[in-house]
Amino acid sequence: LRWCDVEVRLATGAPASGVVTGCVRHGDADRMLLPWPSPQAYQLGFGQSIAHARVPGNPLCPVNAVEELHRQCPERAPGREEDKQPLFRWADGSPVKRRYIREVLGKAAILLGMPRHRVGARSLRVGGATALWVATRGNVGLVKRLGRWTSEAVNTYLWDLPTLTEGLTEKMLQADTAVPWGAVRKEIDA
């Protein structure tokens, strides 16, 4: 992902003021569009993107994070010499590699008392898919769409969390499951 690929807009859909092809300057952006590569979409002549809305006060909000990145690295703004370089990179311009992310996650796992081998870059995909699944009360179709899954493999990523099934046992026990035995008996005797 390059800085010039990020598009930031207001909730109305209009470009945020001070935004030039994705460059946030004044903190008035309400959402951000991030492109994702899709060979099928590009064959048809269009790309795909995912929209992230601002979550005020949340340190994990992607819109806030991109805004802060721009404040700290204005030289990456569109039209400047660094806008075509990777968005996540080291001071020398080299991209942050997956193996580094895996190492950071492994160290975090150890600090949390978890086995290092259980946490890696895929954990981000599992965590994101599970969070979306729980937040949407089990909307697997949306998880598949946003995670770019075309098969049922998405189900191997999803964790059954108590918040998703809260109250389910009680509802199952109270469900009207009375079988109309009279109708069934007529079918059996026929």
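**Helix packing and a few residues**

Reply: Helix 4 passes helix 5 in a right-handed crossing. A crossing is right-handed if the near helix is turned clockwise from the far one by less than a right angle, and left-handed if anticlockwise. Before going on: this is a predicted model, where local features need pLDDT of at least 70 and side-chain atom pairs count only at pLDDT 80 or more, while totals for chains, interfaces and linings use all residues. Residues are numbered from 1 along each chain as its sequence is written, and side-chain values use heavy atoms, with hydrogens and water left out.

Me: What angle do helix 4 and helix 5 pack at, and how far apart are their axes?
Reply: The angle is about 145°, and the axes of helix 4 and helix 5 are 9 Å apart. Axes here are lines fitted to C-alpha atoms, for helices over the stretch in contact, with angles running from 0 to 180 degrees between N-to-C directions.

Me: Which residues make the contact?
Reply: Helix 4 brings Arg125, Ala129, Leu132 and Trp133, and helix 5 brings Val140, Leu142, Val143, Leu146 and Gly147. Contact means heavy atoms within 4.5 Å. By class, the contact of helix 4 with helix 5 has 7 nonpolar, 1 polar and 1 charged residues. For the classes, Ala, Val, Leu, Ile, Met, Phe, Trp, Tyr, Cys and Pro count as nonpolar, Asp, Glu, Lys and Arg as charged, and the others, Gly among them, as polar.

Me: And helix 3 with helix 4, what's the angle there?
Reply: Helix 3 (residues 98-111) and helix 4 (residues 121-135) pack at about 75°, with their axes 7 Å apart. Helix 3 and helix 4 are therefore roughly perpendicular to each other; the cut-offs are 65 to 115 degrees for roughly perpendicular, under 35 for roughly parallel, over 145 for roughly antiparallel, and oblique for the rest.

Me: Which residues meet there?
Reply: From helix 3 you have Arg98, Ile101, Arg102 and Leu105, meeting Ala121, Arg122 and Leu124 in helix 4. The residues of that contact between helix 3 and helix 4 divide into 4 nonpolar, no polar and 3 charged.

Me: Let's zoom out. How many helices and strands does the chain have?
Reply: There are 8 helices and 3 strands in the chain. Both are DSSP runs numbered from the N terminus: helices are H or I with at least four residues, strands E with at least two. Along the sequence the pattern reads β-β-α-β-α-α-α-α-α-α-α.

Me: How much of the chain counts as buried?
Reply: Of its 190 residues, 26% count as buried. Buried means under 20% relative accessible area, exposed over 50%, and partly exposed in between, with a 1.4 Å probe and protein chains only.

Me: New topic: is Lys144 buried or exposed?
Reply: Lys144 counts as buried, because its relative accessibility is 18%. Lys144 sits in helix 5 (residues 140-147).

Me: Which side chain does the Lys144 side chain make a polar contact with?
Reply: That of Glu152, at 2.9 Å. A polar contact is a pair of N or O atoms within 3.5 Å; within protein, one must be able to donate a hydrogen and the other to accept it, and residues adjacent in sequence count only if both atoms are side-chain atoms. Beyond four places in sequence, Lys144 is in contact with Trp149, Thr150, Ser151, Glu152 and Val154.

Me: Where is Arg89?
Reply: Arg89 is in the loop between helix 2 (62-72) and helix 3. With a relative accessible area of 10%, Arg89 is buried. The Arg89 side chain makes polar contacts with the side chains of Glu82 at 2.3 Å and Gln85 at 3.0 Å.

Me: What about Arg137, what's its phi?
Reply: Phi of Arg137 is near 55°, a positive value in a residue other than glycine. Arg137 lies in the loop between helix 4 and helix 5 and counts as exposed at 54% relative accessibility.

Me: Last one: what does Val134 touch, neighbours within four places aside?
Reply: Val134 is in contact with Leu161, Thr163 and Leu164. Val134 is found in helix 4, and is buried, with a relative accessible area of 16%.
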